[in-house]
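Reader: I would like to learn how to read the places where chains meet. Could we work through an example?

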6 protein chains.
Amino acid sequence: MRILVLNPNTTASMTEKIGAAARRIASAGTEIIAANPTSGPPSIEGFYDEAMCLPGLLQVIRDTPDVDAVVIACFDDTGLDAARCLTDKPVIGIGEAAYHMASMIANKFSVVTTLARSVPALEHNLHRYGLAARCARVRSSEVAVLELEDPGSNAYARITDEIGRAVAEDRAEAIVLGCAGMTDLTERLSAEHGLPVLDGVVCAVSLCEAMVRLRLRTSRLGGYAPVPRQKLAYA
Amino acid sequence: MRILVLNPNTTASMTEKIGAAARRIASAGTEIIAANPTSGPPSIEGFYDEAMCLPGLLQVIRDTPDVDAVVIACFDDTGLDAARCLTDKPVIGIGEAAYHMASMIANKFSVVTTLARSVPALEHNLHRYGLAARCARVRSSEVAVLELEDPGSNAYARITDEIGRAVAEDRAEAIVLGCAGMTDLTERLSAEHGLPVLDGVVCAVSLCEAMVRLRLRTSRLGGYAPVPRQKLAYA
Amino acid sequence: MRILVLNPNTTASMTEKIGAAARRIASAGTEIIAANPTSGPPSIEGFYDEAMCLPGLLQVIRDTPDVDAVVIACFDDTGLDAARCLTDKPVIGIGEAAYHMASMIANKFSVVTTLARSVPALEHNLHRYGLAARCARVRSSEVAVLELEDPGSNAYARITDEIGRAVAEDRAEAIVLGCAGMTDLTERLSAEHGLPVLDGVVCAVSLCEAMVRLRLRTSRLGGYAPVPRQKLAYA
Amino acid sequence: MRILVLNPNTTASMTEKIGAAARRIASAGTEIIAANPTSGPPSIEGFYDEAMCLPGLLQVIRDTPDVDAVVIACFDDTGLDAARCLTDKPVIGIGEAAYHMASMIANKFSVVTTLARSVPALEHNLHRYGLAARCARVRSSEVAVLELEDPGSNAYARITDEIGRAVAEDRAEAIVLGCAGMTDLTERLSAEHGLPVLDGVVCAVSLCEAMVRLRLRTSRLGGYAPVPRQKLAYA
Amino acid sequence: MRILVLNPNTTASMTEKIGAAARRIASAGTEIIAANPTSGPPSIEGFYDEAMCLPGLLQVIRDTPDVDAVVIACFDDTGLDAARCLTDKPVIGIGEAAYHMASMIANKFSVVTTLARSVPALEHNLHRYGLAARCARVRSSEVAVLELEDPGSNAYARITDEIGRAVAEDRAEAIVLGCAGMTDLTERLSAEHGLPVLDGVVCAVSLCEAMVRLRLRTSRLGGYAPVPRQKLAYA
Amino acid sequence: MRILVLNPNTTASMTEKIGAAARRIASAGTEIIAANPTSGPPSIEGFYDEAMCLPGLLQVIRDTPDVDAVVIACFDDTGLDAARCLTDKPVIGIGEAAYHMASMIANKFSVVTTLARSVPALEHNLHRYGLAARCARVRSSEVAVLELEDPGSNAYARITDEIGRAVAEDRAEAIVLGCAGMTDLTERLSAEHGLPVLDGVVCAVSLCEAMVRLRLRTSRLGGYAPVPRQKLAYA
């Protein structure tokens, strides 16, 4: 099985980190193709970046046809709906993956993401997926995405503080980390706080494996009807 | 006052029709700049087209700085959030404009749009805006966007039939037309069915005029914080 | 165009202030008729006042037939539905006007109103309009309506403090002022806090102008069906 | 125990019928005072009538102080909130009474009311009470309120037909009759359709008895804070 | 009239206290049969206890056929749906009883229950009943159920503290006590805080009396269809 | 990896069918232990059966400690919350598994279950999980659970008819089969209707495998706190 793990920003070091996390969790027979667009924003922080990464993101999917499933490795799940019109293979966003998984191991979870500017986009997604009622609160740590790539930053301290507040104030039973760049912090944070801490990258990879094994494919009826051939030519 | 009325697809005849509708309704001192991207999909029908039109759409906004407000003239309101991060001038989507206006003249409205593939995107928007409870049903007439440009099509007949069903089955008190290309049908349909029929293009132009007069601007706090300068360079 | 701006309480100084605010924002050709009932409560603070002002409020509408639109200038939007059964001209409440406008320039807004006793009525309206999900919180400043008419009160200080809390605690991106009597504070508060502050009076006047230009009228089907002639005789 | 059963319209024959129904169901020690305002609309059908009956309705409450509880015997529950600010004795609307009772004997219920123009008001109430999710559908029988007073009308036939549709189409497990004037049809309809049919008048009387025995009173904090003495003088 | 007041746990002293509370409030002609299962958990604190008490609970109902109504005297309302399939006599849970009653005397209420582990179950019930929107917050006092049976515990102090926070922070207009074992604290807490404090046991008994007088029975259509005879044999 | 697939009813042929389906989809290293309680109802059809199977269901979990995850193979997800208090290993209900999976491959799905009496329980679950908004409708085929075990019944015909209606009337983009006993019909129905048809058994097995690989465990904070040792003794 081959899974395309698509980092929608252009920061190669982050793609590598995400790919490594995916490979650590993947089953024996699963090949992970980690990729990112060659042009577009170097980090996805808010609505504008979400929009600007889309053509590059969709081009990577079109250029990588021989995969069994696609992970969109941005916590905003940007481009998820559009990608599902391009292929009937499962396409899973890391945000939705973490929300669905958290909903099956906790009554309520809180999200700890990067910047305040990203919070409304996540809240919109939660409403749309129907899982807003399961999320106690979306919190921002005010850690910028690229600070997560800098070992000298105090990113960990700010994230763990915010998790502490989520447990105390929100009665959160689990924490969802709201950025693909936090994938390597999961175990340490979980041990420190004594509750499940979910990273969307590994959740999405595992869900893709499950979908492929179950031979589940995206519906072709309604909103995810295939893009007509002539529309593809305009890309 | 200058209002950019931005048709996100590349079909110039549709841009002209939309521009003409906007000018008919605009106040004396308002100049309408009707524009469309030079590349991208010729019609917006579903999630993929919504995504692919975004860079062109946002480029038109960046290339037209000296306006007082922006109308995004696609009923899916694609790019609305991203555009609001680019400028603090009011940016109004024709979908939201029609929904808000309809909510002030009717207890419940139904939407009649083009193809079934567009229905989920509209339903998502209604949920997000908070107005899903005011919408009795989103209906598709199975008229493609570009059929609306073809005088020989039976588009009118199919749309008016669907409105009849909305009144009879949904107890709709008003109808929102779910495509910018239907802007010239409003009066005839309203007269035929004896209820308000709303076109988002003219609603959005009027709302922009109102916002400019009220000196209301998009908030710079939270989700619509300005795009950092270095992010603009990657566009 | 003539717009009736109807203050439902009997305090003439407040009617004047509201009328002046309306005239400042009105378009060149718009005449503002500011009026209030001759009997009823001097301020609308809670459910009982809302009920007791209704016959006077509706009588003013019946006595002022030659207008193009009506603004109900009480933030509780009392009598809105009843008024819409009396005339098919647009009738806009200042509460709904501000909520709808705020929803198009901010992801979330908070309301700062007068007394705690008014909060549930506003929360009910927000639910009914469908916009509760867009409102972070309805806050009371514990400033009574008529204190707003007293230059010696510390009303401004208490309102600005409450806005500070809304930004810090609710993550509000915009503020809606929850009383017609606050109409003259908008600009100062907006400048002080660096975010949009909306007054319903001017929002409603602008929306009325927009509706009249768009020739939109209240639906006559369903809940706003015209009052039968014999029912009018009982008033 | 004395319960004021207040018919908000001025049709004395309806007040008598409602009073008789209340007395049939009341406990041994309960005295029913059936009353109606002396001026106002002869039937409550829609938003305008709801508003116009309020001063008369509230006056009856003020003129009848020595009661232990109040039933507002109009299915729209008009004036309920205002009345609760006038007295801390329990005030129960027949609409809410029936909805709450139905929620404890059925998973879902449908409402069968009089005219289509009354449907939105009932839907708003259901949302506000929080019980909209328990109501499968609000249906109108197109029987006018005063037709229920006319033995020669075919009101029963139209109501029973609508109940049949509610069972078949809505999967309703119980039926709430949406007008005080239907109080005498309950048993016959229940027997005919084999499911619980609830009349709000008797539900409300029984709930008042329960509240009085439990010494429960309307909260004086927040939205139902007592009307200040000087406000009562303006009535 | 005979009402079975069924304490689902096996602690006889609690059954006695509950029975005494029920008798104090019952009408003259009402006989209270207080009972508990002979095996099962001694207190219901969370999901596991809720499940384990069910066969015993349902057996008591089957062994007590000659009653007119049943109260399930556990605030989690465990077994409510199953019990309604066993008999068409009214079955009322003390949680739902208190929520419905509180909704008719306050705009919003908060719940003060025992342990944090019980909070999610109560939140699920509130959602299901449709009354989540009426509840400001479910709070835990961290008083274990059996501490309520111990006069030497500081249970009262912790509960009254939590009520203080509910009034200050949640803007609660009424308090619902979230455990049958708190039934004897109601009046003292209400007097101390100056707002209605509701105990589900007495609310449910009164609602049963009302239902019996109204001859209301649980619907036999849909979810509460009677258990087939052969299924009863497997119990 | 060992997964307990627990059929909560006592029908061994159904346990075998479910176990076989689980084994077909399980990964190479996964051992499926299919089991059912030795006493309790032979099929779960509605609230009473759900309650009566619980002690047996929970006993099987306690008697099978050396597994890595548990599937509750009843579409009502009965006992799910209680089981999560017994073990921190993942416990997945087949209903929730199918709903979550369907939400990632379709905008909206409909459920086709067995009897009308089971519909409210499924609707309650959907609300609780937060996924009610993703479900267009819960439909019953009026096929009893044990008819699915009878090759001579016309169960397939009735189920496929109901799916046809779901596509035509609900605009469902995917179908969830609402009974573990339908697990062998999935592929044929999917091929016949040209849309994804999901069986909860295989979805839940795959989700368990994913959770185990991700080392995700049920939260021990809040509602799923471990059952105290002394409580286990009462079972």
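Reader: At what angle do helix α9 of chain A and helix α9 of chain F pack, and how far apart are their axes?

Author: First, the ground rules. This is a predicted model, in which local features need pLDDT of at least 70 and side-chain atom pairs count only at pLDDT 80 or more, while totals for chains, interfaces and linings use all residues. Residues are numbered from 1 along each chain as its sequence is written, chains are lettered from A and ligands numbered from 1 in the order in which they are written, and side-chain values use heavy atoms, with hydrogens and water left out.

Author: Helices (H or I, at least four residues) are DSSP runs, numbered from the N terminus. An axis is a line fitted to C-alpha atoms, for helices over the stretch in contact, and angles run from 0 to 180 degrees between N-to-C directions. Here α9 spans residues 200-213 in chain A and also in chain F, and the two pack at about 150° with axes 9 Å apart. That makes α9(A) roughly antiparallel to α9(F), a term for angles over 145 degrees.

Reader: Which residues of α9(A) and α9(F) meet?

Author: Contact means heavy atoms within 4.5 Å. Ser206, Leu207, Glu209, Ala210 and Arg213 of chain A meet F:Ser206, F:Leu207, F:Glu209, F:Ala210 and F:Arg213.

Reader: How many residues of chain F and chain A are in contact, and what area is buried between them?

Author: Buried area is the accessible area (1.4 Å probe) that two parts lose on being put together, summed over both. For chain F and chain A it is about 3,600 Å², with 63% from carbon and sulfur atoms. In contact are 44 residues of chain F and 44 residues of chain A. F:Met104, F:Ile105 and F:Leu214 supply 19% of the area that chain F buries against chain A, more than any other three residues.

Reader: What rotation superposes chain E on chain F?

Author: Copies are superposed by least squares on the C-alpha atoms of residues with pLDDT of at least 70 in both. For chain E and chain F, the rotation is 180° with 0.0 Å of shift along its axis (RMSD 0.0 Å). The two copies are thus related as by a two-fold rotation axis. Their contact takes 34 residues from chain E and 34 residues from chain F. Because 100% of the interface residues of chain E are also interface residues in chain F, the copies meet through the same surface.

Definitions and conventions. Angles under 35 degrees count as roughly parallel, over 145 as roughly antiparallel, 65 to 115 as roughly perpendicular and the rest as oblique.
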